[in-house]
Amino acid sequence: MGGRSAARGWALLTTAVCAAAAAAATALPQPAGPGPTARTPVAVAAPGVEAPAVCSSPEASLRPSTADGPAVRRIKERGRLVAGVDQNSYRWGYRDPATRELEGFDIDLVRAVAKALLGDPDKVTFLAIPTNQRIPALQKGKVDIIARTMTVNCDRIRQVAFSTAYFEAGQQVLAPKGSPVTGFDDSLKGRKVCTAKGSTGEGELHHQSHGASVTTVPNQLDCLVRLQLGQVDAVVTDNALAAGQAAQDPSVRLVGKPFTTESYGVAMNLKDEDLVRRVNAVLEDYRRGGEASPWMLAYRKWLAADLKGITAPPEPTYKD
């Protein structure tokens with residue numbers, strides 16, 4: 001492939017940016033066990049909280065409310081919202097190497113929550129959370145919310161609570177241009193495929209690997225670096241994330257079609273029902289306004305160049 005040397009240059013730059021970003025942000029300790037996957041059952045919920053017995057609509061959340069409960073009061077008394085985010089996903093949550101500031105679609109959403117709760121979008125403490133540490137971070141009370149391209153599914157709602165969906169994506173394959181890999185199919189047989197540990201991509205590959213050898217890493221950007229260095233042949237990830245990675249590195253591209261449909265939600269501790277309702281109230285306002293809504297403005301600013309054709313945010317669904 002003619003772009004191999006360019007890809008190596010991108011890999012070195014990406015690695016340097018990641019190292020600098022890691023030094024500037026707080027990371028959390030590794031959990032003792034593996035994170036949840038898309039298809040692996042989770043037998044128990046968080047201690048003291050009853051898990052739902054049947055899961056038919058995991059994206060259905062609690063109806064919005066602006067009433068203050070214990071979780072909202074905790075945040076107000078602290079004077080800051082503590083949010084778990086990504087710092088390595090271009091367009092979603094990444095640290096601009098020039099300004100050293102966190103930016104992206106998820107970051108804008110977190111700031112909207114902070115403004116609604118505390119009157120100031122800057123009253124946020126951002127913590128960089130690897131994919132497989134998102135649920136432990138919430139369960140241990142390290143963060144108030146996680147806004148990190150986190151898919152809502154039946155396994156995860158047994159462990160954490162979610163807002164209504166704020167974006168819809170799907171799993172897809174990222175591969176170098178000119179690669180014989182054509183999608184999530186038998187073209188993966190005998191090849192090395194990378195995905196993030198604890199991601200829905202890992203769950204899909206566990207269910208059906210198509211004969212591939214699977215490598216897992218803490219963050220999806222680590223997969224892009226391995227792909228650039230020729231250590232793996234393809235990456236399985238959300239197409240929303242993969243589109244940003246392809247924008248970073250023109251030597252790679254999305255192949256095949258999305259093979260799942262997934263909703264992103266803001267995740268919270270199962271016990272923080274008042275915070276879930278408050279975040280859903282923020283999302284109601286965030287979606288409101290048609291083409292001029294905060295959601296559409298953020299979409300056009302961050303995502304429209306790589307994820308074309310989206311005309312509106314996903315409609316919320318509620319379970320109460």
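The points below cover the disulfides, one asparagine and a pair of helices.

This is a predicted model, in which local features need pLDDT of at least 70, side-chain atom pairs count only at pLDDT 80 or more, and totals for chains, interfaces and linings use all residues. Residues are numbered from 1 along each chain as its sequence is written, and side-chain values use heavy atoms, with hydrogens and water left out.

**Disulfides**

- A search of the whole structure turns up two disulfides, a disulfide being a pair of cysteine sulfur atoms within 2.5 Å.
- With the bonded cysteines numbered in sequence order, the pairing reads 1-2, 3-4.

**Cys55 and Cys154**

- Cys55 sits in the loop between helix 1 (4–24) and helix 2 (70–78), and Cys154 in the loop between strand 6 (145–146) and strand 7 (160–162), so the pair ties together parts that are 99 residues apart in sequence.
- Helices (H or I, at least four residues) and strands (E, at least two) are DSSP runs, numbered from the N terminus.
- Cys55 has 23% relative accessibility and counts as partly exposed; Cys154, at 27%, also counts as partly exposed.
- On this scale, buried means under 20% relative accessible area, exposed means over 50%, and partly exposed is in between (1.4 Å probe, protein chains only).

**Cys194 and Cys223**

- Another disulfide joins Cys194 to Cys223, with the sulfurs 2.1 Å apart.
- This link is left-handed, with -80° about the S-S bond.
- Distant parts of the chain are linked here: Cys194 belongs to strand 10 (residues 192–196) and Cys223 to helix 6 (residues 220–228), 29 residues apart.
- Both Cys194 and Cys223 are buried.

**Asn153**

- Asn153 is found in the loop between strand 6 and strand 7, and its 10% relative accessibility makes it buried.
- The side chain of Asn153 reaches the backbone nitrogen of Arg156 at 2.9 Å, and a polar atom of that side chain lies 3.2 Å from the backbone nitrogen of Asp155.

**Helices 8 and 9**

- Helix 8 (residues 273–287) packs against helix 9 (residues 294–302) at an angle of about 70°, their axes 5 Å apart.
- Axes are lines fitted to C-alpha atoms, for helices over the stretch in contact, and angles run from 0 to 180 degrees between N-to-C directions.
- Asp285, Tyr286 and Arg287 of helix 8 meet Pro294, Trp295 and Ala298 of helix 9, where contact means heavy atoms within 4.5 Å.

Definitions and conventions: Polar contact = N/O pair within 3.5 Å; in protein donor to acceptor, adjacent residues only side chain to side chain.
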